[in-house]
Amino acid sequence: MASEIPTKRQRSAKDVPYNLVYWPGIPGRGEHIRLALEEAGAEYTDTEGGVDEVLTTIKDPGDEINPPVFAPPILKHGELTISQTSNILLYLAPRLGLVQDVDQNPDALYRVNSLALTALDGLSNEPHDCHHPISSGLYYEDQKEESKRRSEDYVKNRLPKFLSYFERVLASKSSGDGPWLHGGSLTYADLVLFQCVDGLKFMFPKATAKLEKEGKHVGVFALHRAVGERPRIAAYLKSPRRQKYSDGIYRYYEELDIDP
Ligand SMILES: N[C@@H](CCC(=O)N[C@@H](CS)C(=O)NCC(=O)O)C(=O)O
């Protein structure tokens with residue numbers, strides 16, 4: 001009887017480009033996903049259907065296996081639909097080689113994820129709350145006074161606290177060689193921290209320049225430069241795919257550019 005050894009590799013439902021769905025016109029939280037896909041040279045589409053695609057995806061009732069999603073960023077890959085920035089990164093990282101080998105070192109993913117989550121908490125969510133301290137459902141103009149107080153506290157206390165934490169991570173034995181946060185090679189936590197520092201430099205130029213000059217967070221700023229110089233990231237940053245900061249997480253308001 002002839003054997004049935006397949007001559008061609010079977011195509012799987014996952015042999016398709018990644019599809020990111022995010023609000024067009026701002027880097028926002030979608031940028032963390034873009035940077036991971038760009039660094040890996042992965043094939044992906046980015047909200048080709050514009051705002052309508054975002055709205056349709058949010059309103060979608062889901063199916064037998066995928067629950068409805070609440071908010072972008074959203075990743076569709078084959079039959080999978082998932083949301084939440086850090087959850088998407090957790091899915092992508094082993095597939096894209098943005099974490100140490102999960103077969104040889106299964107715990108590394110969770111160590112790296114702790115770092116990514118901490119950066120997203122303190123250097124992405126908290127900056128967002130600087131311009132929307134009362135509610136993200138209200139206009140900035142309706143919460144200006146509170147935004148000023150929140151920003152003052154953020155640049156004086158929270159921002160240095162989080163940067164100092166990442167400086168300690170970089171100085172720790174677990175960071176390994178080179179400018180990276182964990183295990184001596186680039187992981188998605190480095191890409192997340194890059195984007196956070198980049199956005200904060202745009203949002204709080206006075207405070208970040210002062211912090212950089214003080215020299216207490218040399219490793220963090222070096223990591224920002226090192227990620228920006230990676231060939232695929234550098235090419236992406238120059239490309240039209242990299243959107244300008246505007247009304248997303250990182251916004252520039254002169255009155256919030258506190259000189260600490
Ligand atoms: N924790 C979520 C937050 C998602 C989120 O707040 N998405 C924003 C855009 S960046 C949104 O459209 N939110 C709608 C809402 O909160 O009503 C994540 O990290 O993905």
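This report covers the pocket, cysteines, salt bridges and backbone of a predicted model.

## Basis

The model is predicted: local features need pLDDT of at least 70, side-chain atom pairs count only at pLDDT 80 or more, and totals for chains, interfaces and linings use all residues. Residues are numbered from 1 along each chain as its sequence is written, and side-chain values use heavy atoms, with hydrogens and water left out.

## Largest pocket

A pocket is an open set of points on a 1 Å grid over the protein atoms alone, where a 1.4 Å probe fits, with protein on both sides within 12 Å along at least five of seven lines. A set from which the probe cannot get out is a cavity instead. The largest pocket has a volume of about 740 Å³. That volume is the space filled by probe spheres set on the points, with grid points joined across faces, edges and corners.

Lining residues have an atom within 4 Å of a point. The largest pocket has 26 of them, and Tyr22, Arg29, Ala71, Pro72 and Ile249 lie nearest its centre. Two elements give two or more residues to this lining: helix H3 (85-96) and helix H4 (108-131). H4 gives the most, with eight residues. Helices (H or I, at least four residues) and strands (E, at least two) are DSSP runs, numbered from the N terminus. Domain 1 (18-96) and domain 2 (108-256) each supply at least three lining residues. The domain bounds come from an automatic or database domain assignment.

By class, the lining has ten nonpolar, eleven polar and five charged residues. Ala, Val, Leu, Ile, Met, Phe, Trp, Tyr, Cys and Pro count as nonpolar; Asp, Glu, Lys and Arg count as charged; the others, Gly among them, count as polar.

## Cysteines

A disulfide is a covalent bond between the sulfur atoms of two cysteines. Here the test is a pair of cysteine sulfur atoms within 2.5 Å. The count comes to zero disulfides. Cys130 is in none; its nearest cysteine sulfur, that of Cys196, is 13 Å away. Cys196 is likewise in no disulfide, and its nearest cysteine sulfur is that of Cys130.

Burial follows relative accessible area: buried is under 20%, exposed is over 50%, and partly exposed is in between (1.4 Å probe, protein chains only). Cys130 is buried at 0%. Cys196 is buried, also with a value of 0%.

## Salt bridges

A salt bridge is a side-chain nitrogen of Lys or Arg within 4 Å of a carboxyl oxygen of Asp or Glu. The whole structure holds 13 salt bridges. One of them pairs Glu38 with Arg241, with the closest N and O atoms 2.8 Å apart. Glu38 sits in helix H1 (residues 30-40) and Arg241 in the segment after helix H9 (231-238), so the pair ties together parts 203 residues apart in sequence. Glu38 is buried at 8% relative accessibility. Arg241 is partly exposed at 43%.

Glu39 bridges to Arg230, with the closest N and O atoms 2.9 Å apart. Glu39 is in helix H1 and Arg230 is in the loop between helix H8 (218-228) and H9, 191 residues apart. Glu39 is buried at 9%, and Arg230 is partly exposed at 24%. Glu126 and Arg158 meet at 2.7 Å, N to O. Glu126 lies in helix H4 and Arg158 in helix H5 (residues 144-171), so this pair ties together parts 32 residues apart in sequence. Glu126 is buried at 15%, while Arg158 is partly exposed at 28%. Glu31, Arg34, Asp46, Asp198 and Arg242 are linked in a network of salt bridges.

## Backbone

Most residues other than glycine have a negative phi, and most peptide bonds are trans. A cis peptide bond joins Pro72 and Pro73, with omega about 5°. Pro73 is placed in the loop between helix H2 (50-59) and strand S3 (74-77).

Thr47 has a positive phi, near 50°. Thr47 lies in the loop between strand S2 (44-46) and H2, and is buried at 7%. Gln84 has a positive phi near 80°. Gln84 is in the loop between strand S4 (80-83) and H3, and is exposed at 56%.
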